[in-house]
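This briefing covers how two chains meet and how they are related.

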There are 2 protein chains.
Amino acid sequence: MANLQDVAQRANVSKTTVSRYLNGSLELPKRTAEAIDAAIRELAYVPNAHARRLSLGRSETIALMVPDIATPFFSTFVAAVEAEADRRNLSLSLHATLNRREREISYLDHIRQGRADGLIFITNHFGDAALAEKINTAGPCVVVDEDVPAARVPKLFCDNEAGGHAAGRHLAESGHRHFLFIGGVDEMISGARRYAGFLRGIREVAGAGARVERAAGPYTIAAGRIAARDFVARGAERPTAIFATSDELLIGLCEVLHESGLNVPRDVSVVGFDDVGPLHLFAPAVTAVRQPVRELGKRALELLLGHKPDEHGTLPPEELLPVTLIERNSVAPPTGSA
Amino acid sequence: MANLQDVAQRANVSKTTVSRYLNGSLELPKRTAEAIDAAIRELAYVPNAHARRLSLGRSETIALMVPDIATPFFSTFVAAVEAEADRRNLSLSLHATLNRREREISYLDHIRQGRADGLIFITNHFGDAALAEKINTAGPCVVVDEDVPAARVPKLFCDNEAGGHAAGRHLAESGHRHFLFIGGVDEMISGARRYAGFLRGIREVAGAGARVERAAGPYTIAAGRIAARDFVARGAERPTAIFATSDELLIGLCEVLHESGLNVPRDVSVVGFDDVGPLHLFAPAVTAVRQPVRELGKRALELLLGHKPDEHGTLPPEELLPVTLIERNSVAPPTGSA
């Protein structure tokens, strides 16, 4: 694995220059900075473990980046990290990136300049190589919820595949054979894995005869409304069961179903994902796959504090936390079935 | 109004010492630091306006402290500040204090040490004089949502009194004469003002004959459940209408009413406050006073950036944003009325 000396040699500067550049104590001419960045990228250099490791001293600050703090899933996750940080006497500095790459990069640069001693990072779009490189050189870091494939740091996700599987089995066991999956794209693991699990669950019960359609988009109320309007417009050709894979998609879906006079579960069965919002009070109470959001927050900080970067360059393992299907009143056999 | 020279004289140190102590660039012996703190307190000194004013340069960081980031009201508020900060090319550093005074003080000390160029502060408990003093010396600051009475900074609230008034009038006009108010204590302006407005609205319609009871506690789901269980236990002696003055109190209330088999609005009418959560999807959809939460976030940052501390020591004015009653399906005439 490349070390500081290798980077310095390739960039044709001293070790001290690289070190001070990385910790933000040195402003460099653009060309020199670019040469160092290129060397880091080409050598897949990860800053020395012991030099950057969290010391757990009393004034340590952990940075936490989330795409959208207004989403109950993220805000509850943040609250869980905050509670755990408080228990360990750490300060927490939160940054909402609005799910925009340039804002993520800008905050990552802040952190690289020594404004935090560790980072918990969540993005909600496909994380590219340049973003991964910033993460790899930001110091101790954990990636949570959605993957940044080229990031060489510990990763923590909920078991998306198992969640999709539970939803698919449950709907197929209720007699459904025509499904609509509303959720993320295949480039994001939440989309790919929930969809793969959903298909597997349905096929286990219904075989190859089942028909599954997919509406892909961001995890927003607006995207839920769009998918729901397309669904309503199809009339008799509609699927009989919908898997809306976030609380926000579900809210948008429920709004449009209400407005259209369609009844859940009489006209269509619905299963949600996240279950952080008050779905138990909805009309009807919505069956959903519950994410272990508070456990994710607690575990993310534990992973960050406990992580020893691997000197041999192997990727740290990915950790999955289990999800649970919470059955309520939004699923029934399709109309016309026995 | 006291200036830096007055503080230095009283603390028996140089002006430079006070200045460097306040901006965090000087570590002082405990006794000296205490002498300066005492002088600041006794003279009600507020740091010089121009020296601490936001320069709006490109790397400015605004700090934002909220009690509980998991509450949709606060998380939506934070998202609105973040969006406005993004528009102005400012960085935002968020801190969730868990509504604990010592954690607020600790983050305020961070900010005082120059880790932020301005502060938007929200507490959700009664803010005492020591907390106010930290706020008064933290640099440019705006207090939002709940008052810290001794803080000499601009303040921004929703129009709590008007919200209570609208709820009271609406329930009284529907025929109710026996009410339960679930909400904050009189030491907090949200509690005092919503309650005062509620009484005024009821009296306008129903005169002095109306009976209003009050269950005071924090704005949490747990407190909503406790108040609701007391309510249910009273049987025939129950009020016929409830004003639950936060989304969390409302959720706790609705859970217990569902569990008890009581129907809204047949058995009891309910009005909420905040209306940030998806109350329109509840069974039944809940009538509520809507807080202008996104406008509060945007306006808080504007106030912070636009504020020129008053050299003459007069208190900056308090600004109120209007609220709106959103009528849905949770209010009906009391059973037995015409």
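A polar contact is a pair of N or O atoms within 3.5 Å; within protein, one atom must be able to donate a hydrogen and the other to accept it, and residues adjacent in sequence count only if both atoms are side-chain atoms. In this predicted model, 20 residue pairs, both at pLDDT 80 or more, are in polar contact across the interface of chain A and chain B.

**Elements and composition on chain A**
- Four elements of chain A, namely α5 (72-87), β2 (91-96), α6 (101-115) and α11 (247-260), each supply at least two residues of the side that touches chain B.
- The largest share of that side, 8 residues, comes from α5(A).
- By residue type, the side of chain A that touches chain B divides into 18 nonpolar, 9 polar and 8 charged residues.

**Salt bridges**
- The rule finds 6 salt bridges across the interface of chain A and chain B.
- One of them joins the side chains of Asp86(A) and Arg100(B), at 2.6 Å from N to O.

**Extent of the interface**
- Contact involves 35 residues of chain A and 35 residues of chain B.
- About 2700 Å² is buried between chain A and chain B, with 55% of it on carbon and sulfur atoms.

**Symmetry**
- Chain A is superposed on chain B by a rotation of 180 degrees with 0.0 Å of shift along its axis, at an RMSD of 0.2 Å.
- The two copies are therefore related as by a two-fold rotation axis.
- Of the interface residues of chain A, 100% are also interface residues in chain B, so the copies meet through the same surface.

Methods. Residues are numbered from 1 along each chain as its sequence is written. Chains are lettered from A and ligands numbered from 1 in the order in which they are written. This is a predicted model: local features need pLDDT of at least 70, side-chain atom pairs count only at pLDDT 80 or more; totals for chains, interfaces and linings use all residues. Side-chain values use heavy atoms; hydrogens and water are left out. Copies are superposed by least squares on the C-alpha atoms of residues with pLDDT of at least 70 in both. Contact means heavy atoms within 4.5 Å. Buried area is the accessible area (1.4 Å probe) that two parts lose on being put together, summed over both. A salt bridge is a side-chain nitrogen of Lys or Arg within 4 Å of a carboxyl oxygen of Asp or Glu. Ala, Val, Leu, Ile, Met, Phe, Trp, Tyr, Cys and Pro count as nonpolar, Asp, Glu, Lys and Arg as charged, and the others, Gly among them, as polar.
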